[in-house]
Amino acid sequence: MANKKMTMGLIVGNRGFFPDHLAKTGREEMLRVLAAAGIDVVALTPEESKYGAVETREESRRCADLFKKNANRIDGVVVTLPNFGEERAIADTLRWANLDVPVLIQATPDEPLKMTIASRRDSFCGKMSACNNLRQYGIPYSITTLHTEAPGSPEFAKDLQWFSAVCRVVDGFKNLRVGAIGARPTAFNTVRYSEKILEANGISIETLDLSEVLGRIDRMKDSDDLAQAKLASIHKYVDASSVPAAALMKMAKLGAVVDQWMTDTQVAISAVQCWTSLEENLGVVPCTVMSMMSDSLLSSACEVDICGVLGMHALRLASETPSALLDWNNNYGSDPNKAVCFHCSNLPKHFFRSVKMDFQEIIAGTVGKENTFGTCVGLIKPEKMSFARFSTDDLNGKIRGYLGEGWFTDDPLNTFGGAGVVEIPNMQKLLHYICEEGFEHHVAANLSTVSAAVHEATTKYFGWDMYWHEGSR
């Protein structure tokens, strides 16, 4: 799946009794910065308003109409204040456009030696007025790290990258359809969730019974084009030299059936009943099939953990790289800030130092080794990481969660499945929080530092109740 190119709506603020030539040069500078970042822009031209800015009611209406015409492609709006700006014109534009996308407020700094009436900006002050009006209008917005930042500064470049990630998360959750493939395993009460709370937040669940999956597999011939294509993809994806050919064909058919169902139902991500029905009735684990989906940015979680895959999806959208679902599984010696994160495993190939396909050691003793081929085995590579967990709070009718950052280390680890040692500052505080608040043992992880963007999207634009561990941007 290719990453989407971003498109931003641009509002240039202007107030007539300030130097309006700053609106002209400010717009031109911001357009250059956005283009250099690979971002498309929807903005008024100098022919459509004075310097392409908004100041009058008519200019606001014109800009709003332009945004509405391009609503299907605008991911976010950047409001740039090269001078004080007309705060009501900015708020009216956003209200009338009604885009329901993130908004970033940027103010260009004054220079101490250019504070005369001819070149004084007062954007420092104007930003407060713009934010005040947006608050009055009930329009959520984001702000830059520093109160004033020049468009061409390194600080704004970093903020623009962060804001783009916020926009991707918000856009990626709109009308989201999640596949629940199979029933929740009986032993996993921890992954129960409320479909109704998710639906109220614009997230729909599409279910598929495992009997339907098994029936479609049974009717599929080995020579079927979809099965053969998936088999070739599996061989290309991972070393499966020690796995019986019959097991690989079963995996290929399983993958082909799931792929087709997701396409037919327009499901974007999935959570699968990974044990023990598939092992007992098909004779393989679905781990490699799920690993391939996650590696292709179609996040897939085990144990029908719907809220878990939502965390994977948010991190994936923010970073544009694959996510995994892991257990907070073991202590690592006596270090209070380290733990072993593990699954048995369907981790995407992106996570591993090296990986091979093998059998699933945990349940081989109950269903037989020959019925458990298909796991992806290896150690997680040393890398920075972001983590997230979402959960439906059924008693209070809301979505809540936590997120933060740490890193996978290169500490030695002798285990099976997919695993790594993670180090998180003040980890005992996080573990206390998880237990005191009754969160699940699963956590989504991504090899990136994007928790700030996910926090901004989920709190400011979704209204979810999120704890940010050790968070600072």
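In which helix is Lys253 found?

Analyst: Lys253 is found in helix α9, which covers residues 245–265. Keep in mind that this is a predicted model.

Let's start with the lysine itself. Lys253 has a relative accessible area of 11%, which is under the 20% cut-off, so it counts as buried. Skip the neighbours within four places in sequence, and Lys253 is in contact with Ile217, Met220, Lys221, Asp222 and Ala227.

Now for a helix partner. α9 packs with helix α11 (residues 287–295) at an angle of about 45°, and the axes are 9 Å apart. That angle makes the two helices oblique to each other. As for handedness, α9 passes α11 in a right-handed crossing. On the α9 side, the residues that meet α11 are Met251, Leu254, Gly255, Val258, Asp259 and Met262. Facing them from α11 are Thr288, Val289 and Met293. Sorted by class, this contact has six nonpolar, two polar and one charged residues.

Not counting residues up to four places away in sequence, Met251 touches Ile234, Val243, Val284, Val285, Thr288, Val289, Met357, Phe373 and Gly374. Thr288 and Val289 in that set are also part of the α11 side of the helix contact.

The largest core has 102 residues, and Val169, Phe173, Val178, Met251 and Leu310 are the ones that touch the most other members. The largest share of this core, 11 residues, comes from α9. Apart from it lies another core, of 29 residues, with Leu66, Ala89, Leu99 and Ala130 among them.

α5 brings Ala165, Arg168, Val169 and Gly172 to the contact, while α12 brings His313, Ala314, Leu317 and Ala318. By class, that comes to five nonpolar, two polar and one charged residues.

Ala89, from the other core, points to helix α3 (residues 87–97), where nine of the 11 residues are buried. Besides Ala89, the buried set holds Glu87, Ile90, Ala91, Asp92, Thr93, Leu94, Trp96 and Ala97. These buried residues pack against β1 (7–12), α2 (57–69), β3 (76–81), β4 (103–107) and α4 (123–137). Just after α3, Asn98 takes a positive phi of about 50°.

Lys398 lies in strand β15 (residues 398–408) and is partly exposed, with a relative accessible area of 32%, whereas Lys253 is buried at 11%. Leaving out residues up to four places away in sequence, Lys398 touches Ile197, Ser391, Thr392, Asp393 and Asp465.

Methods. Residues numbered from 1 in each chain as written. Predicted model: local features only at pLDDT ≥ 70, side-chain atom pairs only at ≥ 80, totals over all residues. Heavy atoms only, no water. Contact = heavy atoms within 4.5 Å. Helix = DSSP H or I, 4+ residues; strand = E, 2+ residues; numbered from the N terminus. Nonpolar A, V, L, I, M, F, W, Y, C, P; charged D, E, K, R; others polar. Buried < 20%, exposed > 50% of the residue type's maximum accessible area, 1.4 Å probe, protein only. Core = buried A, V, L, I, M, F, W, Y, C linked by side-chain atoms within 4.5 Å. Axes fitted to C-alpha atoms, helices over the stretch in contact; angles between N-to-C directions. Parallel < 35°, antiparallel > 145°, perpendicular 65-115°, else oblique. Left-handed = near helix turned anticlockwise from the far one by under 90°.
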